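Here's a walk through a two-part story: how one chain is put together, and how another chain meets it. Have a look at the model first.

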Amino acid sequence: MSPLPALDLKLVRDMWHRRGQVLAIALVIASAVATLVMALSALRSLSDAREAYYDRQRFAHVFVTLKRAPESVAARLRDIKGVAQVETRVARLVTIEIEGVTEPLRGLALSLPERNETALNALVLRSGRLPDPDRAGEVLLHEGFATANGFGPGATFSAIMNGRKQRLTVTGVALSPEHIYVIGPGDLVPDNKRYGVFWMGRETLSAILNYEGAFNDASLRLLRGAVTKDVVAAVDHVLGPFGAAGAYDRSEQGSHAFLESEFGQLSAMAGIIPPIFLIVAAFLLYSVISRQIETQRQEIGLLKAFGYSDAAVAWHFIKFAVAVSVLGLILGWLAGAWFGYQVTELYREYFRFPALSFAIAPDILFTSAAVSLAASCGGALVATRQAMRLTPAVAMAPPRPATYRPSLLERIGVLRDLGTTGYMIVRHVTRFPARSGMTITGIALSLGLLIATLQFMDAVTLMIDSFFFRTQRQDVTLRFVELRADAVHGEVARLPGVMRAELRRAVGVKLTHGPRNKRVAILGIDPGSDLSQQVDAAGNVVDLPPSGLLLSKRLAEHLDAKAGDLIDVAVLEGRRAHASVQVTRIIDEYVGLSAYMQRAALNRLTGDGTVADSAWLKIDPAREDALFAEVKQTPGLFTIQLQRRAYFMFRDLLDQNMMTMVWFYVGFASVIAFGVAYNASRITLSERAHELATLRVLGYHKREVALILVGELALLTLVSLPLGCLIGYGLATLMMEMFETDLYQIPFGLTPATYGWSSIVIIIAAAFSCAVVARRIQTLDLVRVLKAQD
Amino acid sequence: MTGSEPTIRPEAPGEPVAFRARGLTKVYGMGDSAVHALRGVDIDLHEGDFVVLLGPSGSGKSTLLNILGGLDRPTAGTLHFRDRDLTASSDRELTTFRRRHVGFIFQFYNLIPSLTARENVALVTELVDKPLPSDEALRLVGLGDRMDHFPAQMSGGEQQRVAVARAVAKRPEVLLCDEPTGALDSATGVRVLEALAEVNRTLGTTTVVITHNASIAGMANHVVRFGDGRVVSIETNATKRKASELSW
């Protein structure tokens, strides 16, 4: 006795008989499941780790930096409605020097949170000890910088603070919920080697920076139910007179915002890719089961004649879909777990959590199972309606001979003289329009997916290049500690190796247009700048207007503003001036939210006279070291940011990560294309085995016969290419919208090369599947096929 | 009829030998499950012969036909078509042999359903150098007015006549027919047989017909009876009957 009921045994044998197709479909399902499990699990692991971290270390809700306020002002912040806790501190961006490193590095010096159980943004000590408040020069170092530079407790480095070089000793290494993602001001990516955060005792740091009894940075934790917007307004009101640059909530806190944007990308990935795979899987199951029902009509008739109900017969075929699904699920779960683990490992490099472990939640497994089973059973159900409708008598009679007629294209005279094999191909394709349509759609979807993802890679490159080669073409940015009069230009230009120096001024403002407003910085640039260019949507360089404002597209969308509109500009620093400024042009920029004015106009607006806060430099690379040495000897003037170096680092990073992603998606798309094409070829072979054998008997060589199979798939693939390009265009637009944040916008950069390469990948995948199937023609048993009635 | 002893050659050969088979053996499968389809068949078929193979199911006649047509290979023994040793031919050479010399007709027509009658015939005329034009081949079998019909639009007899036209359009030296009238009623079957006889007479095609239907034997030069994988007897008809005189 077999342990399985007879019908299930038949199921197992059917699956084994169609193992190629079963595996192809299972792989498509597995791709959907793997993506879903990977993206959702990574998202869950990250967000759980973040929530726990924020909670335990009491991450603040509102942040503000200001020039200087006496400590007594903190009490007024505590009195704001909805505020639970306020913590003030001293913060300063400084230049760091490490022995043996010529280039100047940047660091953020922060005063240590108070040592009590309820401190906001509490640190997690990873090694060593906290600095002794009685010993000057002891610091706690952020793990990112410590690891990148090989620093542990006992290591020493110097920082130029308030014009004096301070020798600092590391007592311990720590993490902070404020700096999960550590990125220097103005940087695009983390550079742990060149930018680091460190903490000193409040008294020590205050003494160095002359901030005794004062603060220039505050964090607030809110009561449950507090209205963040109101608190922000109240904080601005209290601290405005003290030079506050405008309070902001978590959504604008650097580290938090980057995490959010990563979360957004993971959910976008989970939202776009799995549905495509599942639609394809449903179609594949539909076509395989339909064909199975056609070839097994007599068996179905027999089963029904024996007394199996319609439902029992349908269930038999649905079980096939369920079994394929389960196989795909298991493969997908395993792959998803592996990918998820890898992705989390990658995140570990960028995001500094005290504990980040990859875990797969049961509900994610359940979700992936539910959606893949639903898609599979959906495809199978449609197919089984056919089997349910068959009456035993009809089913057991042989099917009517296939009826063909000339295809529409022949009838209207478009196709002529195709040769007999040409007619065979075209008429078979047009005889099953639904199925051919689905094959075309399936291949087109895989092509679209590939185009959209490859364009995404192109777009990121375009975004980066546009940032570094248009918007910010400087090699080096010097940031002055204080606003400096324009005379500083001469001082900067005389520095060794400086080939060109341009002064800049950035001012924190709140832009309001009608009901909408946004906090940004306006960058003031002098006309005729060589180191930054603004371009419009058509790619034309836009000159800075004498008094108007240029807005980047995304910012203009936020404000619902267009060229010609008047925008209310509220300066958030200094004299806190207020003015109405006209938007003269909307420009194309992809990084951040940008607003530009002429520096002179900006200075007029703030009422600060002709001043600058930084200089952008083009330098002679050969004299770089001399420049660095000179900068180190004139402390207190500025911090230095190496823009050009950041670019190369970023490109390296991108090239590594993107190549991985490219292969990932090429693999994904190939799985779909292969699955669809393989399935189509197998079904064609099954339907036409008789005809192909006949041709062999008539004296057609194997290659000539295989050409019919290849020709049909080639025709379908050919038709799917333009459709796939259209889908790719649509998907790229969708992804662009789903992936864009205020930090980055994805430019639309579909190039002919992307269409071309993607098409080549899909053609190769289709050709490969066709070759696998065409091999079966080698072993076509002519005698057996011809003995059987069609 | 004369002669009844199994012999390797029909009597009084007036024409050169087309096929020469010696000790043809075909075994399917191995060991206990081995099936001996042919157990050493010796036979000569002459150019222009019209030969009918008779015998019960499983007697080996289809196996012989398939081997003659290069669709299958013997397990042992030799088979020559004229000077060519078919048993030593590669797959590719057998395909070329079928392409150049052999026309097949099967019980179930094996037409390509997506092609019209004319196109089905064109399938073979595209393969050879001096074919009979498709139209002419179809007129030969009485289907001059059905050329643009698809198989599904034709009766069984018409379909089989398309198959005959397809088989003869390449002017084959050999025409191999496996139960060509098996699926047809008597009157339709007669029309198909007439077409075969016509081709045999006008083109001099060596024709081998398998049938269960003993009455067809009357139109053959030679009648070969099969039993249990062997040639049981070979009879020669002194006078061939016309297909139109047959009925069943």
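This is a predicted model: local features need pLDDT of at least 70, side-chain atom pairs count only at pLDDT 80 or more; totals for chains, interfaces and linings use all residues.

Residues are numbered from 1 along each chain as its sequence is written, while chains are lettered from A and ligands numbered from 1 in the order in which they are written.

Start with helix α2 (residues 19-56) and helix α9 (residues 310-350) of chain A, whose axes come within 6 Å and cross at roughly 35°. Helices (H or I, at least four residues) and strands (E, at least two) are DSSP runs, numbered from the N terminus; axes are lines fitted to C-alpha atoms, for helices over the stretch in contact, with angles from 0 to 180 degrees between N-to-C directions.

Now the sheet. In chain A, four strands line up as β2-β10-β1-β11, open and antiparallel; strands pair if DSSP finds at least two bridges between them. β2 (83-89) and β11 (248-249) of chain A are at the edges with a single partner strand each, so one side of each has no neighbour in the sheet. Further in, β1 (residues 62-70) and β10 (residues 214-222) of chain A share six bridges, and Phe63(A) has Ser219(A) as its bridge partner in β10(A).

Finally, 24 residues of chain B are in contact with 22 residues of chain A, contact meaning C-beta atoms, placed from the backbone, within 7 Å. On the chain B side, α2 (91-101) and α3 (117-125) each supply at least two residues.

Key
Two residues are in contact if their C-beta atoms, placed from the backbone, lie within 7 Å.
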